[in-house]
Structure formats: structure tokens, C-alpha cells
Amino acid sequence: IQMKKQNRKLPRMTDFDYATPGSYFITIGTHEKICFFGSIRSADCCEAYMQYSPIGKIAKQGLVDLEKHYDNVKLDNWVIMPNHIHLLLRVEERTGSFPANRYDVSNVVGKYKAGVTRAVRHNGLHIGKLWQSSFYDHIVRNDVDYQNIWNYISGNPSKWMDDCFYCD
């Protein structure tokens with residue numbers, strides 16, 4: 001019996017160069033939506049905040065270090081949630097005497113995920129699968145789109161219980 005291969009929807013636009021300068025809204029999920037990164041807490045006087053697990057601290061440090069590894073990539077806003085990460089990532093025009101490598105969004109996300117996985121395993125925190133395959137992206141189209149995404153990222157911890165990734 002011959003099995004029919006299922007057509008998988010491609011996660012990226014096939015006719016777009018993701019090394020093009022611009023802003024991108026990225027969502028990276030954990031394997032099976034497991035809450036590896038910590039939990040959302042709230043205090044009576046304050047907004048909700050993320051309490052990082054040891055794995056979450058490694059994921060955070062990876063984001064903080066990201067701009068050190070890519071001369072033309074900036075993180076304008078980001079949030080780590082218990083089982084996913086949102087990034088507002090900006091690719092800038094390359095300048096100066098840096099090597100002529102063309103890092104695209106997929107390359108940056110892939111290296112980030114690999115680096116976090118390596119650090120987590122090196123610290124003996126997890127040996128199974130950490131990430132879902134691929135990631136979700138949205139090409140930011142204009143200033144209004146950018147501002148809406150910025151606000152969404154900033155307000156995400158406060159809306160955790162309504163999130164499609166929510167887990168108890």
C-alpha cells in the first residue's frame with residue numbers, strides 16, 4: 001500500500017527575501033506547548049510579570065545576547081511567556097566592514113533556538129525536544145502595524161489566561 005504524502009503548508013512566503021531590511025513579528029513556541037520558561041505571576045499592586053525558570057533564564061540571556069551575534073539585527077521589543085516567545089525583530093541595512101554574510105530571519109531564529117538548546121543541555125536542565133518545529137512570522141507592513149504588535153507584546157503577560165498558548 002502506498003501512503004499519500006500530506007502537503008505541508010510552508011511557514012514562510014516563498015517569494016520574499018527575509019534578509020530584506022524591515023521589521024518582523026516572530027513567535028517561537030515550545031515543543032507541545034510545554035511551559036519550560038516559567039510562569040506568569042501578578043502582584044496586587046502591579047501588572048502581570050514572568051517568573052523565569054532556569055530554562056527561561058537561559059532563553060532570556062540568549063535574547064539579550066542576540067544583537068552581539070548579528071550586526072544588522074535589533075530586537076525592538078520581546079517577551080518570554082511560559083511556553084512561547086514573541087519578538088519584534090528588525091533587520092537593518094548592512095554597513096561597515098562586517099563580513100558579507102546575509103543573515104535572514106530564519107537563520108537568526110534557528111541559531112537562537114540551537115544556542116538555547118545547547119546551553120540548556122549543557123546545564124543538564126532538559127534532554128528532550130525543547131522547541132516546536134519552525135516558527136510563526138509576520139512581516140510588519142507599516143507604523144500602525146508596528147505599534148499594534150509592540151502593544152501586543154508588551155501586554156501579553158497580562159492577557160496570559162486568554163492566550164491560545166495558555167497552560168495551567
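**Figure 1. Strands E1 and E5.** In this predicted model, E1 and E5 run antiparallel and are joined by eight bridges. Two strands count as paired if DSSP finds at least two bridges between them. Strands (E, at least two residues) and helices (H or I, at least four) are DSSP runs, numbered from the N terminus. Phe-25 has Leu-88 in E5 as its bridge partner. Residues are numbered from 1 along each chain as its sequence is written, and side-chain values use heavy atoms, with hydrogens and water left out. Local features need pLDDT of at least 70 and side-chain atom pairs count only at pLDDT 80 or more, while totals for chains, interfaces and linings use all residues.

**Figure 2. Strands E1 and E6.** Strand E1 (residues 22-29) is joined to E6 by four bridges, and the two run antiparallel. Ile-26 stands opposite Asp-137 in E6.

Figure 3. E4 and E5 pair in the antiparallel sense over seven bridges, and a hairpin of three residues joins E4 to E5. Val-79 has His-86 in E5 as its bridge partner. Helix H1 (residues 54-69) lies across E4 and strand E5 (84-91) and runs at about 160° to E4. Angles run from 0 to 180 degrees between N-to-C directions, with axes fitted to C-alpha atoms, for helices over the stretch in contact (heavy atoms within 4.5 Å).

**Figure 4. The open sheet.** Four strands form the sheet in the order E4-E5-E1-E6, with antiparallel pairing. Strand E4 (73-80) and strand E6 (136-139) are the edge strands, each pairing on one side only.
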